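Please look over the sequence and the structure shown below before reading on.

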Amino acid sequence: MAEAAILPQRGSTRHPSARRWIVLAAACVLSACSTVLPRGVEPPRPTVTRPAAPVAPPVVEAGIPRDVARNRVALLVPLSGGNAGVGRSIANATMLALLDTQNQSVRITNYDTAPGAAVAAQRAIAEGAQLILGPLLAEDVRAVAPIAKAAGVPVLSFSNDTGVAGNGAYLMGYVPAQSVERVVEYARSRGVTSFAGLVPNGLYGERASTAFLRAVEGAGGQVVSLQPYARGTVTGAVQRLAAKAPYDAVLIADAAGTAAAAAPLVKRGSGAATRILGTELWNSDGGTARPALAGAWFASVSNTLYRQYAVKYRTRFGTAPYRLSSLGYDAVLLTVRIARDWRVGSSFPEGKLRDADGFSGIDGAFRFGRDGVAERALEVQEVRGNANAVVSPAPAGFGK
């Protein structure tokens with residue numbers, strides 16, 4: 001505040017102009033300290049400016065941003081390395097299925113299993129995956145299954161190895177035992193009573209052998225001879241088989257190329273009327289258009305819808321799909337169907353996978369058993385020149 005004015009002492013006499021100067025000075029001092037307001041009006045309260053509350057920095061999460069509008073699904077397939085071709089074909093098939101269904105509630109993210117299936121599964125789960133489609137190979141399923149189980153995430157694998165099914169892992173692959181049982185039942189219904197078999201060494205051959213023996217026994221037939229062989233050396237096994245001739249039919253549980261090489265030798269040793277039987281491998285490799293296999297029977301999933309799918313796939317991606325890619329397409333159809341009852345942000349309703357009526361897709365009707373293996377409705381085809389004819393159609397569904 002300004003300094004106070006010096007007032008005159010009592011009894012002193014000053015000039016009038018001096019007196020006026022004192023009054024003006026006092027007025028100036030007062031005006032410097034306060035504002036004169038009319039009587040009864042309160043002075044305004046001073047404005048208090050409070051400091052703004054601190055703003056927290058935005059939280060940045062690693063990986064893919066969370067999707068609050070769609071459920072997260074991970075596709076685990078080989079996108080590099082030796083199996084990249086089939087892996088990319090499956091990935092394309094899942095994309096095509098999403099486009100065809102026009103689904104807006106499911107988001108699929110691809111993860112490459114070639115560098116390590118376990119790492120891919122851990123990353124997928126960390127980024128919010130609630131369901132895993134794949135992997136393709138049995139050893140990858142073994143690596144992924146315990147990780148997914150611990151996180152409560154079901155696995156829909158494309159493997160056909162029943163040894164990795166269960167405990168949260170489901171198999172959509174074409175199981176050899178089912179095709180063997182189907183073709184044996186059909187052959188038995190056509191009057192075949194005596195059977196023989198050629199099976200490759202290894203896990204596939206072992207399971208095909210077990211299924212063959214059980215199927216023939218269950219159908220009331222007889223297995224005359226069953227010969228194993230190392231792949232690429234089937235000739236010696238055929239010669240050993242001929243020592244037990246004749247027999248009505250021979251199962252060759254291998255690719256169509258191997259069967260075509262063995263068939264003439266089999267008929268030479270047992271007779272031209274001997275029927276050649278095959279497995280689902282013949283359908284997967286698409287190599288049945290061989291004169292040596294004319295008249296042969298094999299069981300597989302239906303190709304009726306697959307042919308339409310293959311045309312659409314080629315139109316979009318400019319190349320033919322791998323036959324196994326239909327597993328990816330059907331896995332998405334299954335997911336989309338269940339997604340009707342799958343609330344966004346919640347766990348995948350695993351119990352819906354065990355619907356007794358099953359599901360339907362490009363490969364026909366299928367359902368999961370208690371063991372987690374897809375039971376499939378199979379048809380029997382007969383090789384006729386450059387085309388195959390369906391001689392026993394697949395059932396449309398599963399009766400209650």
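In this predicted model, five strands with parallel pairing form an open sheet, and their order across it is β2-β1-β3-β4-β5. At the edges of this sheet stand β2 (106-112) and β5 (169-171), each of which pairs on one side only. When direction is ignored, neighbouring strands of the sheet are turned against each other by 25° on average.

**The parallel sheet and its helices**

- Strand β4, which covers residues 155-157, runs parallel to β5 and is joined to it by three bridges; within this pair, Val 155 stands opposite Ala 169 of β5.
- Helix α4 (residues 138-151) packs on the sheet, where it touches β1 (71-77), β3 (131-133), β4 and β5, and the direction of α4 makes about 165° with that of β4.
- Helix α11 also packs on this sheet, touching β1, β2, β3 and β4, with a direction that makes about 160° with that of β3.

**The antiparallel sheet**

- A three-strand open sheet has the order β11-β12-β13, and its pairing is antiparallel.
- Both β11 (359-361) and β13 (374-376) stand at the edges with a single partner strand each, so one side of each of them is left without a neighbour in the sheet.
- From one strand of this sheet to the next, the twist averages 35°.
- Helix α11, made up of residues 325-339, packs on this sheet as well, touching β11, β12 and β13, and the direction of α11 makes about 135° with that of β11.

**Hairpins in the antiparallel sheet**

- Three bridges pair β11 with β12 in the antiparallel sense, and the two strands form a hairpin with two residues between them.
- Strand β12 (residues 364-368) runs antiparallel to β13, to which three bridges join it; Phe 366 stands opposite Arg 376 in β13, and Phe 368 stands opposite Ala 374 in β13.
- A hairpin is formed by β12 and β13 too, with five residues between them, and Gly 372 in the turn has a positive phi of about 85°.

**The largest pocket**

- The volume of the largest pocket is about 550 Å³.
- Which residues are closest to the centre of this pocket? Of the 22 residues in its lining, they are Asn 160, Tyr 174, Tyr 204, Glu 280 and Leu 281.
- Two helices, α6 (203-219) and α9 (281-285), each supply at least two residues of the lining of the largest pocket.

**Backbone details in the loops**

- The peptide bond that leads from Gly 134 to Pro 135 is cis, with omega near 0°, and Pro 135 is found in the loop between β3 and α4.
- Another cis peptide bond joins Ala 245 and Pro 246, where omega is about 5°; Pro 246 lies in the loop between α7 (234-242) and β8 (249-252).
- Gln 102, a residue other than glycine, has a positive phi, near 55°, and is placed in the loop between α2 (84-101) and β2.
- Is Gln 102 buried or exposed? The relative accessible area of Gln 102 is 64%, and exposed means over 50%, so this residue counts as exposed.
- Asn 167 likewise has a positive phi, of about 55°, although it is not a glycine; Asn 167 lies in the loop between β4 and β5, and it is exposed, with a relative accessible area of 59%.

**The chain as a whole**

- The chain has 11 helices and 15 strands, and 44% of its 400 residues count as buried.
- Among contacts in the chain with a separation of 6 or more, 65% are accounted for by residues 24 or more positions apart.
- The accessible surface of the chain comes to about 21000 Å², and 54% of that surface belongs to carbon and sulfur atoms.

Key: Residues numbered from 1 in each chain as written. Predicted model: local features only at pLDDT ≥ 70, side-chain atom pairs only at ≥ 80, totals over all residues. Heavy atoms only, no water. Helix = DSSP H or I, 4+ residues; strand = E, 2+ residues; numbered from the N terminus. Buried < 20%, exposed > 50% of the residue type's maximum accessible area, 1.4 Å probe, protein only. Contact = heavy atoms within 4.5 Å. Areas by Shrake-Rupley, 256 points an atom, 1.4 Å probe, with all protein chains shown as cover. Pairing = 2+ DSSP bridges. Axes fitted to C-alpha atoms, helices over the stretch in contact; angles between N-to-C directions. 1 Å grid on protein atoms, 1.4 Å probe; cavity = no way out; pocket = protein on both sides within 12 Å on 5 of 7 lines; lining within 4 Å. Points joined across faces, edges and corners; volume = space filled by probe spheres on them.
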